[in-house]
Amino acid sequence: MLLLAALPVMAGDLTPSFPKASGTCVEEPGEMRKHHHSFLKHQRDDTLRLGIRGAKHSLKDCVSCHAAKGADGKAIPVNAEGQFCQSCHAYAAVAPDCFTCHATVPDGAAKTAAR
Amino acid sequence: MTADTSRRDVLKAAAGVTLLAPGLTLIAAAPAEAGRAPGMPANASNRWGLLIDTTKCDSGCSACVDACKTEMALPSHGRPLTDAQYIRKVTVKDPKSGYTHSLPVMCQHCAKPPCVDVCPTGASMKRADGIVLVDRHICIGCRYCMMACPYKARSFAHEDQTGQAPHNPRGKGCVEACTLCAHRVDAGGRPACVEACAATGKAAMLFGDLGDPGSEISRRVAKEATTRIRADLGVDPAIRYQGI
């Protein structure tokens, strides 16, 4: 993580770049950068095993905010090349498998075109 | 948690009184039931279940099955033997009399689920409110649960998946089954199959809380004859049938 912060100075366009979301993240962006994986892993157990809904660290909600919209108005999958979740992970060489199961665009976006 | 539970019970009771006061029936009041508050876990005082009147169920009707496939975004690969299916129509026949009828069968959300007993990782699990689920985050795809299930209720995803519904993440190598539409139930709704059966089918399915003696399902179960499939196994399913 220190590397990520230091790199922009040294390596300009080699650092991950991704579309910005609007609104405010569920935690401080710096906190998210460091700890989003543990937030998500706690949340998945709380939601699935205990049945807690509407919680702060919902993966569904990350996707709702962080999926960018293309020129055609359609949501772009968050794990597509250069997109929010993918760009950093490619850079950091981590490959979470979440999106083999989880939807990569917000609810409704898969079926209805522009929303 | 105790404090919150009792607070919600009070709220529930209060809602019941206000709704009943103007002379509304409980049936009309049922859909207005609010979901569980955000941040609250599933509650052991609930026992979600279904009552299915098979005398109303039409053998030609597949409204529940179709609604489930749409709700859970289950595609067909044209291989009926292995395509994911959370609910199916079964035709039963009395060999002596020839009497035939049709009924929907899904995960029976057993109180003593054999799938949970055999699961080596803890992925097969029962929520506090009795809903039996696969925690696909830790499912290794061994399929012991599929063999243990007396109701043949579970499926296995054999192929890579795309186009999943956000409320039903599913992928290759994991077991899956009816969730009693936990995502809807948690939001105060009822399962998609029940809704479709009421809208375009024969209104043969009733969803409700068997843990609440005042619910319509509990009152009917208390005064009408109902059966459970293979009740002899002692797994105590939450799905009850009439007419079989």
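The largest nonpolar core of this predicted model has 46 residues, and Leu50(B), Ile87(B), Met106(B) and Met205(B) have the most contacts inside it. A nonpolar core here is a set of buried Ala, Val, Leu, Ile, Met, Phe, Trp, Tyr and Cys residues joined through side-chain atoms within 4.5 Å; buried means under 20% relative accessible area, exposed over 50%, and partly exposed in between (1.4 Å probe, protein chains only). Among the elements of chain B that give two or more residues to this core are β1 (48–53), α3 (63–71), β3 (100–106) and β8 (205–209). Helices (H or I, at least four residues) and strands (E, at least two) are DSSP runs, numbered from the N terminus.

Let's look at Met106(B). Leaving aside neighbours within four places in sequence, Met106(B) is in contact (heavy atoms within 4.5 Å) with residues including Leu50(B), Ile87(B), Cys178(B) and Met205(B).

Now step back to the whole chain. Chain B has eight helices and nine strands, and buried residues make up 47% of its 244 residues. In soluble globular proteins, nonpolar side chains tend to be buried together.

A last stop is Val118(B), which sits in helix α4 (residues 114–118) of chain B. Is Val118(B) buried or partly exposed? Val118(B) is partly exposed, because its relative accessible area is 34%.

Residues are numbered from 1 along each chain as its sequence is written, and chains are lettered from A in the order in which they are written. Local features need pLDDT of at least 70, side-chain atom pairs count only at pLDDT 80 or more, totals for chains, interfaces and linings use all residues, and side-chain values use heavy atoms, leaving out hydrogens and water.
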